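Let's take a friendly walk through this model together. Have the viewer open, and we will go from a single residue out to the whole chain.

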Amino acid sequence: VQLQASGGGLVQAGGSLRLSCVASERTFSNYGAGWFRQASGKEREFVSRISWSGGTTYYADSVKGQFTISRDNANYTVILEMNSLKPEDTAVYSCAADTSSRFNPGSYYSEKWYGSWGQGTQVTVSS
């Protein structure tokens, strides 16, 4: 499945952005999906994950209460609403689909579940 992320941009601290990840095919609706981010010079890190139904979500501690993940399976889309943005949220944000069928909630933050990745969208938060 091909994924297309969009919605990044430049925003002042305290502002909001809404990232979208649109898939190329309906099978995406059967997969868990996640968002990851990579700041310049740092390792890619987990941000959030949502189950195929949207009924279960996971967040990195650093974004809990600040970001909200959701999905619209009718439109093959996963959304990441980002509020109260901080300069440390600056990164390239990428979405991914869990094509593994082996997901273990004990390691919900792991990249190993994701077999399909979209290109990233840059989020820059100015102070």
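A strand here is a DSSP run of E with at least two residues, and strands are numbered from the N terminus. The model you are looking at is predicted. With that in mind, find A91, which sits in strand β9, covering residues 91–98. Is A91 buried or exposed? Its relative accessibility is 3%, and because buried means under 20%, A91 counts as buried. Leaving aside residues up to four places away in sequence, A91 touches R37, Q38, A39, T121, Q122 and V123.

Now turn to a sheet. Strands of a sheet pair through backbone hydrogen bonds, either parallel or antiparallel. In this model, four strands make an open sheet with the order β1-β3-β8-β7 and antiparallel pairing. At its edges are β1 (3–6) and β7 (67–72), each of which pairs on one side only. Ignoring direction, neighbouring strands of this sheet are turned by 15° against each other on average. Between β7 and β8 (residues 77–82), which run antiparallel, there are six bridges; D72, for instance, has T77 in β8 as its bridge partner.

Finally, zoom out. The protein chain has eleven strands and zero helices. Its radius of gyration is 13 Å, close to the 14 Å that the globule rule gives for 127 residues, so the chain is as compact as a globular protein of that length. Of those 127 residues, 43% count as buried.

Methods: Residues numbered from 1 in each chain as written. Predicted model: local features only at pLDDT ≥ 70, side-chain atom pairs only at ≥ 80, totals over all residues. Heavy atoms only, no water. Buried < 20%, exposed > 50% of the residue type's maximum accessible area, 1.4 Å probe, protein only. Contact = heavy atoms within 4.5 Å. Pairing = 2+ DSSP bridges. Axes fitted to C-alpha atoms, helices over the stretch in contact; angles between N-to-C directions. Rg over C-alpha atoms; globule rule 2.2 N^0.38 Å.
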